[in-house]
Amino acid sequence: MDDKQLITELNKILTLEHGHLGMYENYGTYQDKDMRRTFRRFTELEMEHINKIQSIIRNLGEKPSLIVEGGDILGKLFGVSMHVTGDREVLKVYNFIEQKSHQGYSDFISKLEREDNKMYQFVAEITAANKLEAYLQHLWLKDKLDKI
Ligand SMILES: [Fe+2]
């Protein structure tokens with residue numbers, strides 16, 4: 001991976017994180033108190049993910065830019081309908097997306113770790129936190145899906 005590819009990858013991740021934020025930010029509409037509260041916290045987490053990725057891109061001297069503009073980012077990228085209704089459907093689709101996110105971060109971090117480059121190792125260290133949180137979000141969604 002060269003520096004240009006690194007920025008492209010980071011902008012792709014940034015776009016996905018914007019998509020994640022879009023999934024949770026309407027947390028106030030849920031009847032289920034557990035989902036409402038958790039999605040509120042997930043909204044904050046997604047903002048942290050966005051900020052972290054933006055800050056990496058800026059510190060590499062580039063300008064953060066989304067690869068897909070507005071609207072249904074995740075639907076476009078994954079070919080799934082994000083216009084889901086009903087708690088079970090929401091949990092199922094969001095679980096799928098968070099699993100994808102965790103997998104995406106894992107692949108990205110492995111690629112970085114194969115490079116003998118201190119800066120790339122540092123990016124791997126920072127993004128590993130987002131990877132962990134995507135995994136924790138996936139676990140919560142899966143657990144909730146089993147209980148609902
Ligand atoms: Fe995220």
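Residues are numbered from 1 along each chain as its sequence is written. Because the model is predicted, local features need pLDDT of at least 70 and side-chain atom pairs count only at pLDDT 80 or more, while totals for chains, interfaces and linings use all residues.

**Stop 1: H1 and H2**

Select helix H1, residues 3–24, and helix H2, residues 33–59. Helices here are DSSP runs of H or I with at least four residues, numbered from the N terminus. The axes of H1 and H2 come within 9 Å and cross at roughly 160°; axes are lines fitted to C-alpha atoms over the stretch in contact, and angles run from 0 to 180 degrees between N-to-C directions. The two helices are therefore roughly antiparallel, a term for angles over 145 degrees. H1 passes H2 in a left-handed crossing, that is, the near helix is turned anticlockwise from the far one by less than a right angle.

Next, show the contact residues, meaning those with C-beta atoms, placed from the backbone, within 7 Å. On H1 they include Leu10, Leu14 and Tyr24, and on H2 they include Phe42, Ile53 and Ile57. By class, this contact has 13 nonpolar, six polar and two charged residues. Nonpolar covers Ala, Val, Leu, Ile, Met, Phe, Trp, Tyr, Cys and Pro; charged covers Asp, Glu, Lys and Arg; the others, Gly among them, are polar.

**Stop 2: H2 and H5**

Thr38, Phe42, Leu45, His49, Lys52 and Ile56 in H2 meet Val123, Ile126, Asn130, Glu133, Gln137 and Trp140 in H5. Six of the residues in this contact are nonpolar, four polar and two charged.

**Stop 3: the cores**

A nonpolar core is a set of buried Ala, Val, Leu, Ile, Met, Phe, Trp, Tyr and Cys residues joined through C-beta atoms within 7 Å; buried means 20 or more other C-beta atoms within 10 Å. In the largest core, of 15 residues, select Leu10, Ile13, Leu14, Ile53, Ile56 and Phe108, which touch the most other members. H1, H2, H4 and H5 each supply at least two residues, and H1 gives the most, with five. Centre on leucine 14: beyond four places in sequence, this residue touches Ile50, Ile53, Gln54, Pro64 and Leu66. A second, separate core of 13 residues includes Met35, Leu74, Tyr94 and Leu141.

**Stop 4: phenylalanine 96**

Finish in helix H4, residues 87–113, at phenylalanine 96. Its C-alpha is 9.3 Å from that of leucine 141, 45 residues away in sequence.

Technical notes. Two residues are in contact if their C-beta atoms, placed from the backbone, lie within 7 Å. Angles under 35 degrees count as roughly parallel, over 145 as roughly antiparallel, 65 to 115 as roughly perpendicular and the rest as oblique. A residue is buried if 20 or more other C-beta atoms lie within 10 Å of its own, exposed if 12 or fewer, and partly exposed in between; C-beta atoms are placed from the backbone.
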